Amino acid sequence: MRERARIVTRWGMVIDLDRCTGCVACEVACKSENNIATVPPDQAAMGRAKSWMKVVAEVEGEFPDTSLHFYPRPCMQCDNPPCVKVCPVAATYINDEGTVAQIYARCIGCRYCANACPYTVKYFNWYGPEWADSERQHLNPDVSVRPKGVIEKCTFCHHRLQQAREDARAEGRVLREEDYQPACQEACPTAAIVFGDLENSTHRVRQLKDDPRSMRLMEDLGTAPKVYYLRPRE
Amino acid sequence: MSPSRRSFLWTMGAAATAYGIQDTTRVFWSPEPASQAGWTPGIEKHLTSTCLVCPARCGIRGRVVDGSLIRLTGNSLHPMNRGGICPRGVAGVQMLYHPERIAAPLVRVGPRGGARWRAVSREDALVLLLERLRELRSAGHPETLALLAGFCSGTMEDVWRQFLTAYGSPNYVADDYQDGTESVMRLMHGIDRRPGYDLERAAFVLSFGAPLFESWWSPLQAFVAYADPDERNGQRPRFVQVDTRFSRTAAQAQEWVGIRPDTHGVLALGIAYVIIRDQLYDTRFVADHVSGFEDSIDAEGHLREGYRSMVLRSYRTEEVSAATGVPVERITSLARAFAENQPAIAVCGMDVTHAQRGLMAGMAVHSLNVLMGSVNRPGGVLFGQDPPVAPLVTPVMDDTATIGLARGPAGGAGPQLGAHGAANRFAGAVVDGEVTVDTILLYYSNPLASSIHPQTWRAALARVPFIVSFSPFLDETTSQADLVLPDLLPYERWQDASPPASYPYPVWGLARPLVDPGTSGMHSGDAVLALARQLGGSVAESLPYDSFETLLKQRARGLFAVRRGMLLGNAFERRNQRRMEERGWWLAEHAEFEPFWQDLVERGGWTDPFFDHTDPARLAQTASGRVELMPDAFARGAVAAGLGPASYLALDTVKSAASTDFPLRLIPYRLSTLASGTLALERWMSEAPSLFPNVHWNPWVEVHPETARALGFHDSDYVWVVSSRGRIRAQLKVFPGTAPDNVCLPYGLRHPDGALANPLQLLDGDHDVLSGLASWSSTFVRLERA
């Protein structure tokens, strides 16, 4: 087996739950950027709605001593991703920069990965995407629409990285931290989402992930997510 | 040589082995995605504009590829939203390309509401309307033209008003968002304007039911204060939310205080009691700038009780606790925290003023700001000013117009102390035959869906011979129209759009076309200007503008000439500008108007970051020059309305009660993700309208788990929410943040078939006799299985 190239870049995300207000701008921005289609009401009722980024809410206590916690949940982009291990056709794989990617043309729709993912962030296309003719005009030409029968997931807006790299090359400079931002981070009105290279000491994510408030979801599973959360203060 | 069977099998086996031992992630074959024949890379543009989806009017940027709007993001130069955007703003692309958008002007064929239409050209549609308008004027009855205007502000409002004035109709009927706080400010400060809140520089924000992070005037203003308070070295104000339900704002605030419905004003005076008793109020501000605090002797020699005596006598914490359900120690700690963390702001939400004693409750909440001197100072309540754009020409009125205007607005003058409920009064007057309306123009108003009294509206519209709608969607009321002249969508038209009054600094935001509007609709502003031109005479003289775009450019000359403020800029530029203006300096960025205008379009607007806190006119414009805690006008109004002379004392005299038939109190609330009924809902929003994980497309009702159990309902059951006036089908959501004796029904949801589920149509019709605002949470309902 060929040895994988030494990782010099690991894209990761830090989400500050102290700043998040649960407004779901990130959710909708993701859908807009990545051409995520809605599903009909009956399909949505069966849990088949897709949302690569999903704000998850948990309620504790009863009136008037209620508290509500919410956290935006994209793909955790694990360093040790369970989904990659079970894919029989290598349609889902972890690339050289640590992003867990999905090759739609390769996916056979077995849904092993969706079952293996402890974060339930892989979405299956039970039907082809339905867009009215007029709605096709707002589709992002940088992102392919997924056909029926394949799994789709958050890509950290990988197409933006490609664009940013090309721009940087054209301008003869290195890639800057702010050049590559996923749509969710760009939309967040409270700047709760920070994105960057976890291996680069000048990037904010690198500093924030070592914050005392930092944690990751289901760390005990050993999946080593690259999405970190900062606990709310107080 | 042909291969033998043996060699063939050997070759295949070796190939398969070699295939298997390679790194499997690299050898699978995938076809390159093929592009369509003739495809070429698109031209990409990023254009600045202003969001017109809700009243917040945030700055946006649109990514346009090959003439199609692909993405909407926030404009980082806009001082209010600073690059942030809300979900509805992002979903605007789905509104622009909504499949149900009206493709061309429509003329009704067959009976009204029969959904049969004939598409006509824009010119023909305008001629139809023009002929009607000419007839009314030549018949000497211009007042039979009425405009029902939904949320309408800035130049568009000015143009409509100017048109109606010159035409001769007094019937500009506002059917917009109302929270009644401008009535509170008019009474207490003599300033007829909704208050602005300097959230960013406040240390403590006590919100009485204001959905700051959801569907407030400007959620983005609150987000910025919450997450980016650059004025306070990054230190966040402490947010405390007093609310009848556990809202998302309550969840995100540092502290939540659950309260009984319609008792916000009582709690405010309970807090005032502690502040006065413990001498925590700003004695200097009260002595210098406030009247009505102390007892006084009036001209007839009678003792008039002041605010202090009234509060100390009638709002003791034990009594307030019993009325509101908030524990005594909580009231005390809230009062101390409010007084000690200065500057502090008490924000009055729509829940407070939409009550039978709403105006009083609004005054009670604002009295906390007055006690602490939190008015016209950084971090307090600020009265903003409109951007200094150039005015329209003075309207010219011929004899016909003068006669029409003299006939007065339909529906009369309105309630004692507020101007609210005008739309419903208008509908009532039409139904009762008090006025005759020949032609009604609907501009972003959909009363059949959004009004509290849809039946009255249905009857009123039935008496109007000609209904014209400017809606780009066939909403409930537009379906009844005789002529539809669809407006362009927000991303296709020129419009000015200033943030709501809650943002205290003047901003003149500019919305401009991001995409080519095509031929499907017509800018309503251009339509009005064209009508005026064609009507000729004094009407044409009153609106002598070629197009709405040139009119906006004309208005921007006022900003160019004013010698203050700046075009939208980043935080450094804003701070720099403010510091200069504080010192009396101003530097021109542009020597000529044309480059100024180009730059204004490019940046998205104009703003003035300087606020003159020393201007006494921004504190009070009452006759005494002081802030009135116990305004005379209010006392007179209360007497006239039969409430007696004791101003705040009637607060807790309202007792609405559950009955066996209707045991649960209905709490309607607005959702941030949804429209108010005039614009179509985007599919992304309908699919996931809330944080509830399993709510999609359907209206829902929130019920406490114990209540649901007692009634035998389970989560996701379908129920009818039944009041004495009607019923709404909804999906039951068990939510422990709802009080056990309440049910909460969000406003703005549509069923999958498109019908709006409007909880306001269940309301019992109670309203505040002083302000005219409807009471939102005094109605009781029951749940039935659907």
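Chain B holds 28 helices and 32 strands, taken as DSSP runs (H or I of at least four residues; E of at least two) numbered from the N terminus. This is a predicted model, in which local features need pLDDT of at least 70, side-chain atom pairs count only at pLDDT 80 or more, and totals for chains, interfaces and linings use all residues. Residues are numbered from 1 along each chain as its sequence is written, and chains are lettered from A in the order in which they are written.

**Overall shape**

| Property of chain B | Value |
|---|---|
| C-alpha box along the principal axes | roughly 130 × 70 × 65 Å |
| Buried residues | 56% of the 786 residues |
| Contacts (separation of 6 or more) between residues 24 or more positions apart | 73% |

Buried means 20 or more other C-beta atoms within 10 Å of the residue's own, with C-beta atoms placed from the backbone. Contact means C-beta atoms, placed from the backbone, within 7 Å.

**Helix α7**

Just after α7(B), G190(B) takes a positive phi of about 70°.

**Face toward chain A**

The contact takes 55 residues from chain B and 51 residues from chain A. On the chain B side, elements giving two or more residues include α2 (24–27), β3 (68–74) and α8 (219–227). β3(B) gives the most, with 6 residues.

Methods:
Contact = placed C-beta atoms within 7 Å. Buried ≥ 20, exposed ≤ 12 C-beta atoms within 10 Å, placed from the backbone.
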